[in-house]
Amino acid sequence: MTRLLVPLVSCLVAGATAAWAVRNHPVFPLFSNGGSAPVDVGPLPRGLEAIDAESCGKCHAEIAAEWRGSLHAKAWVDPVFQDAYAVEPLAECRNCHAPENGGEEPTGRAAAEGVSCATCHVRGGQVLAGSGHARGVHGGSAGSPTAGPRQAPHAVFATRALDSSQMCAGCHQFNFLGFVTKSSGGHHVETDEVQQDTWGEWSRSRSATARETCQDCHMPWKQSANGGRQYRSHAFPGGFDEALVREAVTAEVTAREVAEGVEVAVTFHPGRIGHAFPTGDLFRRAELKAWLEGSEEPPVVFPLARTFRDRIEDCVPDPQGGPCKPLPEGQVLRVRRQSVDTRVPPPGSGPPAVRRATIRLPAAADAPRGISRIRWTFDYLLMPTPGAASAGGKPVHSVHIAGGELVATPAAPRSPERSSP
Ligand code: HEC
Ligand code: HEC
Ligand code: HEC
Ligand code: HEC
Ligand code: HEC
């Protein structure tokens, strides 16, 4: 048992309670602290010769193959990331997208492996495992039967840290950096505005109350092909997994004729999801589009996304919720502030909202009323830049969630005009 690891459990508990008081800013530094420093995996664990994914994969082959196909493995080489990093090459980006960078521009293994086995499993000369290991059970959740423990040829430290959603929060929860401008140069500071709120959204959802963790949905138990043993999948499916996206949310669409045209009403119901849909960074959004068949009018769009505005402020907000610190004369802070959030909240975070919009009938419409046909599509989108949607840009990836066609409820017949006396 190394000394390093013992205080982590209390840190985990503190993080869980503080989150309600402090605005979405849990601190769980073991697995990256919002990108403020590289991850230090420490010395080589006893019994191992190397900690690169290929070496681990010699004995944990299925896991290594799954991880290789995940965005964690590609966190640095991901072209969408690389394009964004070229515009804003900050140390914070490196510390989350290539956490084992040792304080330098990532090369070699740090770049090729991104968020690697050691990033999550190696600390202080130990291989960290979930707490189930301590009880001689692999895993530890109910419904995870196993063939009993085998002896690991390397040091293993079992910790509940790996079972918790907090471990993911080190990278999946962080605030915007603001830029303090001076006449000569400037510097970045952390602000109190949340950039990715995945853990915060989860903490306010029914999943948190039900103790359903990130791992339960993103690392489901799987049967090993060779030996009947169950383990947690390392494929980390997310927005690129069509089945997962389709079970995350459903849309209920209705339409009725009104005086100016056809009013479309949409209710988005969250499905099996533990955070907002979509969550993560500003590159992700979804859109439900509806249009009147045969009409030239552009479709009405219901975006599920966050919108931000850049603001100039004259003091630096405290990420922990304390008072704002005034800036010296002549300096200002440029910071992004959220103005609108139209995403679908997860189960347990309030009733689903109904959103409405009216498709106007074309001016020269002689189409008889009573048979207005509405078509709609609902798609999940990954955009090449956060601003691409408003600039008419094309997504780099999309998943078709649902679509359909319906006839609008006809307007109530007009009451007969009264004859004047
Ligand atoms: C993003 C973090 C992360 C990465 C990257 C990662 N793991 Fe894991 N790993 C976990 C978590 C979390 C668990 C499950 C802990 C629990 O609940 O028991 C786990 C479980 C395991 C287990 C125990 C098997 C089981 O589920 O019973 C092994 C072995 C393992 N990982 C090996 C690896 C190897 C090898 C790699 C690299 C190819 C890797 N991991 C990459 C987070 C990670
Ligand atoms: C020489 C083979 C070998 C190598 C190399 C190896 N492991 Fe293991 N590891 C095992 C065996 C065998 C076990 C015990 C049985 C099991 O859980 O698969 C084990 C257990 C584990 C566990 C605990 C699983 C549990 O039961 O809860 C984790 C986590 C783990 N290894 C991760 C890693 C990581 C990460 C690496 C690379 C840094 C690595 N291992 C390298 C063979 C190896
Ligand atoms: C050390 C930082 C780090 C940790 C710890 C971490 N992640 Fe990630 N994760 C990332 C980064 C960075 C990406 C995005 C990579 C990219 O696309 O450039 C990512 C991507 C993902 C994705 C892929 C989303 C998609 O649409 O395909 C999922 C799912 C995910 N992480 C889940 C988890 C879970 C669950 C945990 C905890 C068990 C976890 N992560 C821990 C950094 C981390
Ligand atoms: C109840 C199941 C569930 C839980 C719990 C859950 N997720 Fe997800 N997650 C999903 C589903 C379903 C999707 C796919 C829909 C989507 O793209 O949002 C998803 C998508 C994602 C994505 C891709 C971004 C996106 O929205 O497209 C990331 C990253 C992610 N989850 C991380 C996490 C992390 C980190 C946690 C824990 C704090 C977590 N998830 C907890 C079900 C869950
Ligand atoms: C605190 C950790 C952290 C920091 C700091 C960070 N990221 Fe990320 N980034 C993530 C996680 C986690 C994801 C996965 C969620 C998602 O893709 O929506 C991600 C996703 C992305 C994506 C979307 C990739 C894709 O294909 O889905 C881009 C682009 C990106 N980050 C660029 C950057 C840049 C550029 C910086 C520095 C200015 C940066 N990130 C800083 C954690 C971080």
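Predicted model: local features only at pLDDT ≥ 70, side-chain atom pairs only at ≥ 80, totals over all residues.
Residues are numbered from 1 along each chain as its sequence is written, and chains are lettered from A and ligands numbered from 1 in the order in which they are written. Local features need pLDDT of at least 70 and side-chain atom pairs count only at pLDDT 80 or more, while totals for chains, interfaces and linings use all residues; side-chain values use heavy atoms, with hydrogens and water left out.

The iron atom of ligand 1 has His-121 (NE2) and His-234 (NE2) as its protein donors, at 2.0 to 2.1 Å. Donors are N, O and S atoms within 2.8 Å of the metal (3.2 Å for Na, K and Ca), and sites may look incomplete because water is not among the atoms. His-121 belongs to helix α7 (residues 117-121), whereas His-234 sits in the loop between β7 (230-232) and α12 (242-248), so that the pair links distant parts of the chain, 113 residues apart. Helices (H or I, at least four residues) and strands (E, at least two) are DSSP runs, numbered from the N terminus. The arrangement around the iron atom of ligand 1 is octahedral because its 6 donor atoms subtend angles of 87 to 178 degrees. Six donors count as octahedral if opposite donors are over 155 degrees apart and all others between 65 and 115. Ideal angles for six octahedral donors are 90 or 180 degrees. His-121 is partly exposed, at 25% relative accessibility, and His-234 is buried, at 14%. Buried means under 20% relative accessible area, exposed over 50%, and partly exposed in between (1.4 Å probe, protein chains only).

His-60 counts as partly exposed, at 42% relative accessibility, while His-154 counts as buried, at 16%.

His-72 lies in the loop between α3 and α4 and His-172 in helix α8, so the two tie together parts that are 100 residues apart in sequence.

The shell around ligand 3 holds 24 residues, of which the closest are His-72, Cys-168, Cys-171, His-172 and Gly-239. A residue is counted as near if one of its heavy atoms lies within 4 Å. At least two residues each come from α5 (91-97), α8 (166-172) and α11 (214-218), and α8 gives the largest share, 4 residues. By class, the shell around ligand 3 has 14 nonpolar, 8 polar and 2 charged residues. Ala, Val, Leu, Ile, Met, Phe, Trp, Tyr, Cys and Pro count as nonpolar, Asp, Glu, Lys and Arg as charged, and the others, Gly among them, as polar. An oxygen atom of ligand 3 is 2.7 Å from a polar backbone atom of Gly-239, and another contact places a polar side-chain atom of Arg-284 2.9 Å from an oxygen atom of ligand 3. A polar contact is a pair of N or O atoms within 3.5 Å; within protein, one must be able to donate a hydrogen and the other to accept it, and residues adjacent in sequence count only if both atoms are side-chain atoms.

Arg-284 also has a polar side-chain atom 2.7 Å from an oxygen atom of ligand 5. A polar backbone atom of Asp-281 is 2.7 Å from an oxygen atom of ligand 5, and a polar side-chain atom of Gln-196 lies 3.4 Å from a nitrogen atom of ligand 5. Helices α4, α5 and α8 each give two or more residues to the shell around ligand 5. This shell has 10 nonpolar, 6 polar and 5 charged residues.

In helix α4 (residues 79-87), the buried residues are Val-80, Phe-81 and Tyr-85. They line one face of α4, because they fall within an arc of 130 degrees when seen down its axis; the arc is that of the directions from the helix axis to the C-beta atoms. The face turned away from the buried side carries the exposed residues Pro-79, Asp-83, Ala-86 and Val-87.

Glu-201, in helix α9 (residues 198-203), is buried, with a relative accessible area of 5%. A polar atom of the Glu-201 side chain lies 3.2 Å from the backbone nitrogen of Ala-276.

Definitions and conventions:
Tetrahedral: all angles 85-135°; square planar, octahedral: opposite > 155°, others 65-115°.
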